[in-house]
Each structure stands twice: as structure tokens, then as C-alpha cells.
Amino acid sequence: MSQAKTEFLDRSKTFWNPGKTQDWIDMGVDLVIDRREGYHLYDMDGRRLIDLHLNGGTYNLGHRHPELVEVLKAGTERFDMGNHHFPALARTALAEALQACAPGPDFKYTAYGSGGGEAIDIALKTARHAKQRKKIVSIVKAYHGHTGLAVKTGDDRFSKLFLSQDTAGEFVQVPFNDLSAMEDALKGRDVAAVIMETIPATYGFPMPREGYLPAVKALCERYDALYIADEVQTGLMRTGELWGCTKYGVVPDIMVTGKGISGGMYPIACVLISEKCGGWLKEDGFGHISTMGGAELGCIVAMKTLEIVQRPEVHTMVRYISDYLRAGLNDIMATFPDFFIGIRQHGVIMGLEFNHPQGAKPVMKHLYENGVWAIFSTLDPRVLQFKPGLLLTQADAEEVLRRVAIAVELARAEVMGDQAEDGVMEAALFNSLIDISESPAAWRGRADLMLERARWAATVFDRYDRNATMRIVDAVAQAAHDHAAEFAEKVVAESGFGVAEHKKIKNELTAKPLVDFYRDQDYVNLRIDEMRKIVEIPRPAGVVFALTPSTNPIATINYKVLLCLMTRNAIVMSPHPAVRETSIEAVGVLARAAEEAGAPAGVIQVLEQPSIPLVDAFMGSDKTNVILATGGTPMVRAAYSSGNPAVGVGPGNAPVFVDASADIAKAAQRIVASKSFDNSVLCTNESVLITLPEVENQLILALKSSGAYICSEEDTAALRRFLFHPRGFNIEAIGRDATWIAQECGIRVPTNTKILVAPITQIGVEEKLSREKLCPVLSMHVAKTLAQALSQARAVLRLTGAGHSAAIHSQDEASVMEFASTVEVYRVVVNAPCSQGAAGFATNLAPTFTIGTGFFGRSSIGENVGPQHLVHWTRIAYNSDADEPFGQYHGLGRGFRGALPSAPADGVPGSAQVSQPVRHPSAASSMDNATKDELRRLIATELRDLLRK
């Protein structure tokens, strides 16, 4: 402890609370909290702690959640606390929001306090008025606060101190889970209300037996008493549902929420009151007055808190966090079964039970020393309150488990010594007063939440073996195939361009054929090279953020999702705004198919309201592992400059050369078929046709026979004016058919025209038609010589499209080789349509919708992007000396454990207890106990020292 902290603690005892300060010091906790961020606390000496106390759930969303900070700042520009006497915009808005998400339809009013104790007092007074009786029944060892009435309902430790214990028989306590005692207390019909913590927190989270809480509610109804649900520590999604009482099938008459509703940013607590109990609000609205209760700034923060906790990502993350921590804690408990004897859990409400009357205290101390803050249960110090936040990251959860194992080991040795044995509401409702939805904090908050959900999904997915992985992949591929035609039609209708029949083909090709191409590739199991004495372990990227274009949206979605699933990555898709609705629907179909086949929830997600600032937040987040960028050049460049690894596609502008040896008729047919395919929206389409004088006339005739219209000089000028504006290419022409473009240019063409061929005399910046054109317009240039043709092909790619694709139609291998060696691309398609061929669908190239443009195109990848680019390999390399033997790795594998087992929800019908892991003896079992203890102490000391650094 630093001198500064020592001096501060002395001042704390002098000027603040000498008893509490000294108690913490005596328990080995010299904590003075300084700055805080997320789920991390930093004491004044700079030590970092992972917060698992959360001040009773106050910091469910973490400390200083950026969206709550932002909404509070924005609120101060308009509001302050307000005047509690008068109707107030923020108070009424929050009351309306609470009514919309209340646990039952009969809730009508909300009364406010500044904290949970005051809110409990309001609830008790409300019940007494409604029933015109005084008696209140609560639970032995209950805790409902320290205020005037609330303190009487709890343990007498807190009431006796201030001479506040009940002396008139108005407050009766019965044992928890004892229905007979409850009925005895109620059957006199003189009780105003029973007040129940859904899961008693300060008592160490004992779980209600199955059917207990609904039976208490039934007894209240039978004996004409009200049921008050104290949801201060169990509400706001901590059980996996918004309110804990609804998880148990109870609809209370009055409900209290506090702590977490404040977001830890502004004090507020709320009492939800049903119509039948709210009579005093009509009779005398001044019956309860609270200057600070319902402060308008607090209401604004509370509305944003309600909105965040009801996001679907939060619901999924609560499940992941609870399942992951339970699995890890089960393993720790199996290691120390004589000391760590139980886990009480419902969602992220957890109590760890130890085999000693004060067992949780030394565990708390050693956790504190090892960088985790969790507190013992005041009314049952055998139990450690273990309260992870709703948004806890996977990395923090893993670190917590590692440190808990150390702390339990040390506490066990300290306590047991020689006795130890081996062994949803509408978003508009929340933003009606203070709208921060367009602020950087909101963008970062939304991005981080979706990405962290994906991180949890990826962590669980990494546990799946190849058979389970491929079942999911095949199910998603089948779903993509089954919906190929439907989404082709919908995309054309939504975007206004492209050919539905052709889009259907692309959608199908990026489903089952894509999977079949990679089916023999194993991205899950070890690769063992005995000759080189190397073992390779696949390591998925983790979380992939993927951009999709307007031109090929569904095919790109199918392709990127399947690549991620084959490599056990999670993916978040950002659709192009022009095809947003259909893209969202398509991603939803694939996500449902994946989850029905056993994939972790959240492994496929879609950004439903994409915007440039929001996409930037996703790309720049440190929770994104890699970006798959397919779209316009600015977006791809933004991906590369985001600071995260990115795999992007460069622009196309493919030259196609037809030489004298080519089969001219076939060449023309293939070029027209390629350029007209889906109205030329693939970036692999031919852009500039280059040929020689001796081929020109025959090629023009063949093009006409295949459905091309050859433009006159005037037609070409009209096309140039229409397609290229001072600001660039006319996006209205993208994916439009040839006859539509001709009509817009005033060119009369036959109705069966498939493409427009525009002869040009030069290639370069002066000729706009030598640039990329995502429409069925093909420029044609006749070079004088072969050398000039090759030079012009290079010139096309210097304008744009370097590294992308080119095509040649030739029967001369030497001509093909010279062309391929001259053009600066990484794909040269021979005697095939370039649109399909470069993408791997008319050649044996890898099928793709992300074209790597390599060094020529300023990209790190030059091949067609595939699943191999989303997984890296950890390589175990042995000494190359022949005398050093290589290990036997066949059959070892990684021990894939599959999906996380569901954590229990004690007392909820149908929720089975999780079986405890069985400890199997190992070769180390022959080690004597003294040696084991000595090794454990050495390892624990070493780890503790490392973690303190």
C-alpha cells in the first residue's frame, strides 16, 4: 500500500466512516476506487480490478457506459433535476416506457424514489393504502434497504442499531421456500402485502424451489394480500429476461426496480403500481413527496438503460456469459470439492458456496489480491456474491475464471489447513426527449455490443468439431439454395437493376457448389506433417465484419457467411442501403438455419440500420478481428485504413483480347453472354474489347449475331455523355439492360439487344469509355499490332482495375502466355466468359465474390478469397535434427466439447440442474498429498505475482 493510500484511509476514518473503513482493512481489502471504465476498476494506487460486485447490479452495463455518459451529457443541455411537484416530460416518458415493458398488463402508474430503500417504502405505503392494513410479511434474512419501513422487513442487524425493530407485530418474517409458514402468516387475512426479493441477494442468492414463488402469489390471492416484487437486484435482464419474476411465472401487484435502472450514472428507483393499488395517487397525489426521486436527468438515463438492456444482443450475451462461467466454475469446483461445494445460479445472478461458516471472506480477499472484486454475502458469509455484468467480454470472463481458480486454492489452504482433502419497446419511445442515436458514443455502443455478442458466439463455435461444423454449413447452404430465386426477385425489385434469372444462378452457385468446392478442405482439425516434423493447429479469425455491395448482395452474403461458418468464425454483415431490406431478410434466413442446425446464437448477425459513421465504428472497433470489404472504392479504402486487418476487393476494368487464332464465333458468344450476365454488375465483367485489324470485321459480325449492337460514332458520343458525368460514372446506369440505356441515350436498337458495343480510338484518361462500366456497354478498340494490343491492355488496367482480371480468346499458347505475362492482373481467363470465369464459376478457379487484387492493386491477397484467408495456423515445430524424434500426434485432436451446457435456472419449471463434472484419475494421482500441496502453493504464488504485474 502506498503512503498516499495509507494517509487517505486515515482521513476516511477521521471524516467519513471509521467503522466501515476499518472493517475493510481488517478483511484485507484496502480498496480506494479511483477511475473506472467498463467492468474495470482502478484503485488510487493504479491496480486494476475486474468488477464482479457491480454494487448490487448498479453497473449491469459497466461503469460509465459510453451511451449513458453521452445521453446524460446531452440531457444537461436541456434539463436538470426538475421540480418534483409538477408534471415533467422525462418523468412521464420513463413511466410510459416502464408501462410498455412491465411484467403484466395491469400496471398503470410509476412512482419514483432516489434509491431502492425509498422505493420500497413507497411500495409498502402503497400496499397499506390499497388494503387499509398495516401488516407486511417478508422473508427471514431478507434485505430491502435501510430506510424507515424497508429496514423493518429485513434482518434485525440493521434495524436494532437505530431502534427501528418492529414492536407492534406489523412486520412478520417467515423462512424462504417454506410455504406452510407463509400460509400461516397470511391466513388471518390481516396482511397488506408480502414483499419478496425474487432471489434474495444479501442472503447469498438462495434459489426459490420450483413452484415456490407462484405458490406464494396464489396464497396472496387466496388471503387477499398484495404481492410486491423487489426486482432491484434481479431485474433488467440479469436472469435472461427483463424481470426475474416473470421468469418464475409471477405477475406482481407492485414491483420495485432500482440500482441498475440508474445505469450507475444518476440515482433513481421506480415503483410500478397496478391500477388496483394506485388509489392514493388519485386520492392525494402529494401523499409521497421526494425532491430527488424521479429527477429528470435520472429519467433520461433510465430510459436509455431500458433500451440497451432489451437489445437482442444483450439477451444472447447473458446466456453465453452464464453458460461459459458455469462450465468453468464447475471445473474449479471439481478440483476443490471439499471446499467449493455449490453454485447457486440463475442467469448472471450467481452465488458461490464454500464449506466454511466464513468461507467467502478469504475467497474475496484472495480474489482482490489477484485483481477481481467480488463481495461476500452479508447475511450468509459462506456464499460469495458472483455478479458478472450483462456485457462482460469473453476475454474478461476467461481471465476471471483463471483468477478464481487461484483464489479458491489459496482460500482453501488458508481456511481448511491440514483438514483439506484432495480431490422490447420501440426505440422512438426512448429517444423522444434526448436522442443520442446519431452520436459517436451511440455508434460505438451499438458496434461494440453486436461485436461482443459475435465474440461470444465465436468462442463457443471454436469448441465444435468438424462434423458439427459441416452440419451447420450444409444446413445454411441448403437454406441459401432454397431461397435463391425468391431473393433474386426481391433484390431486383428493391434495387431496380440486374436480371433476376441471373441473380438466381449466382445465389445458387454461392450455396451448395461453393461448399462442395471446399468440402475436402479441413479447417477444424490438426494438420500433421511427419516429414517436416510440424503440427498445425487452426486458429479462426474470430469476428468478421463484412461489407456487401448493391450489385451482388445475396450471392455475397451467401459466400461470406459460408466462408465464416466453414472456418468457425462469427460474422456481422453490413448490407448496402440500396438493398437493405432484402439483405436483412436473407441474413435472417441463414442465421435461423445455422442456429437450428446447432450453431451458437449470434454467429451470424446483420446491421439493420447501416450508416457511414456506424460502419466506421464497426470497422475501427478493437472487437473486430478482420474486415471482408466488398463494395465501392471509398468503403474498401476505409476498411484498409481502419487499423484492423482487412481483405478487400479492388475495382475491376477487365480488358479482353481476341487474337487471330481465336474461334471468333465462340469468342463473340462468350463475350456477349458474359457482358450481359446480370446486366454486367459483376466486377469481373469485360470492360474493353481489344482486337486486331485482321479480326475486326469477322468479330463485329459475330458480335451482332450474338445479340450485340455496334454503335456509330454519334451513338458512342451519346453513350459517353450519359454514362460519365463530371463527378464520375452515372449510377443510374448500373445494372440496367442495354435497351434501357440505349433509350436514355436516344439510340434506337432492336428489342433483343443484349449489349452495346462502343468503338473507341484511344485508351487512357482522355477516353472515359475505357474505364470500368457496370452495365452492358462494352468498349471496343482495334490495335494496329500485337505489341500495341498488349500495351493497350496494360493501359486499360493503369486507369483502374490493376491486379483484378483480364481475358483472352486464343488458340495460341504463346499468345496466351505473352498476354498473361504483360497485363498486371492475377487472373487471366482463357476462352471463357470473364464475368463468371474470373469468379471461379466457368473455370476451376476458386469460386469467390471477393477478388484479391494483390500487390498490383495494393492489396495483401492476390488470389480469389476463400475460407483459407479466415483462419491462421499455430505451428508446432520440432528440432530438425534427425536424432530428435517427432511426437505422436495422430488421434490427439483438441478435445472438441461442442456447445456450452446450459446453466441452471433454479426454481424455473423445466430447468434441469447441470451435472457436475467427473474427475478422472490421472498418472499424477500417485503423487503424495504433501507434494501436491507444495506444488499448488508454488504455482499459485507464481501466478499471483505474474497477475499483479
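Me: Which residue is the bridge partner of aspartate 529 in E17?
Reply: Isoleucine 534 is the partner of aspartate 529. This is a predicted model.

Me: How do E16 and E17 run, and how many bridges join them?
Reply: They run antiparallel, with 3 bridges between strand E16 (residues 527-529) and E17. The hairpin they form has 4 residues between the strands.

Me: Which residue of that hairpin takes a positive phi?
Reply: Lysine 533, with phi near 55 degrees.

Me: What about E17 and E32, in which sense do they pair?
Reply: Antiparallel, over 7 bridges, where strand E32 covers residues 871-877. Within that pairing, isoleucine 537 has threonine 874 of E32 as its bridge partner.

Me: How many residues of E17 are buried?
Reply: Of the 7 residues in strand E17 (residues 534-540), 6 are buried, so the strand is largely enclosed by the rest of the structure.

Me: Switching to the sheet with E24 in it. What is the strand order?
Reply: The order is E25-E28-E29-E24-E23-E30-E31, an open sheet of 7 strands with parallel pairing. At the edges are strand E25 (708-710) and strand E31 (828-830), each of which pairs on one side only. On average, neighbouring strands of this sheet are turned by 25 degrees against each other, direction ignored.

Me: How many bridges between E24 and E29?
Reply: There are 4, in the parallel sense, between strand E24 (residues 686-691) and strand E29 (residues 777-782). Isoleucine 690 is opposite histidine 781 in E29.

Me: Which strands does H26 lie across?
Reply: Helix H26 (residues 664-676) lies across strand E23 (654-658), E24, E25, strand E28 (755-759), E29 and strand E30 (806-809). Relative to E24, H26 runs at about 160 degrees.

Me: New topic, serine 621. Where is it, and is it buried or exposed?
Reply: Serine 621 is in the loop between helix H24 (612-620) and strand E21 (626-629). Its relative accessible area is 7%, and serine 621 is buried because the cut-off for that is under 20%.

Me: What does serine 621 touch?
Reply: Leaving out residues up to four places away in sequence, serine 621 touches Asp448, Leu451 and Asn644. With aspartate 448 there is a side-chain to side-chain polar contact of 3.0 Å.

Me: How many aromatic pairs in the whole structure?
Reply: The search finds 18. One of them joins phenylalanine 517 and tyrosine 518: the ring centres are 5.0 Å apart and the planes are at 75 degrees, so the pair is edge-to-face. Phenylalanine 517 is partly exposed at 41% relative accessible area, whereas tyrosine 518 is buried at 5%.

Me: And why is the pair of phenylalanine 841 and phenylalanine 849 called tilted?
Reply: Because the planes of the two rings are at 45 degrees, with the centres 5.8 Å apart. Phenylalanine 841 is partly exposed, at 22% relative accessible area. Phenylalanine 849 counts as buried, at 9%.

Me: Which residues form an aromatic cluster?
Reply: Trp24, Tyr368 and Trp373 form one.

Me: Last one, H9. Which of its residues are buried?
Reply: In helix H9 (residues 212-222), the buried residues are Tyr212, Leu213, Val216, Lys217, Leu219 and Cys220. Seen down the axis of H9, they fall within an arc of 160 degrees, so they line one face of the helix.

Me: What covers them?
Reply: The cover includes strand E5 (135-139), helix H8 (179-186), strand E7 (191-197) and strand E8 (226-230).

Me: And which residue with a positive phi follows H9?
Reply: Aspartate 224, with phi near 60 degrees.

Key: Residues are numbered from 1 along each chain as its sequence is written. This is a predicted model: local features need pLDDT of at least 70, side-chain atom pairs count only at pLDDT 80 or more; totals for chains, interfaces and linings use all residues. Side-chain values use heavy atoms; hydrogens and water are left out. Buried means under 20% relative accessible area, exposed over 50%, partly exposed in between (1.4 Å probe, protein chains only). Helices (H or I, at least four residues) and strands (E, at least two) are DSSP runs, numbered from the N terminus. The arc is that of the directions from the helix axis to the C-beta atoms. Contact means heavy atoms within 4.5 Å. Two strands pair if DSSP finds at least two bridges between them. Axes are lines fitted to C-alpha atoms, for helices over the stretch in contact, and angles run from 0 to 180 degrees between N-to-C directions. A polar contact is a pair of N or O atoms within 3.5 Å; within protein, one must be able to donate a hydrogen and the other to accept it, and residues adjacent in sequence count only if both atoms are side-chain atoms. Rings of Phe, Tyr and Trp (its six-membered ring) pair if their centres lie within 6.5 Å; planes under 30 degrees apart count as stacked, over 60 as edge-to-face and the rest as tilted.
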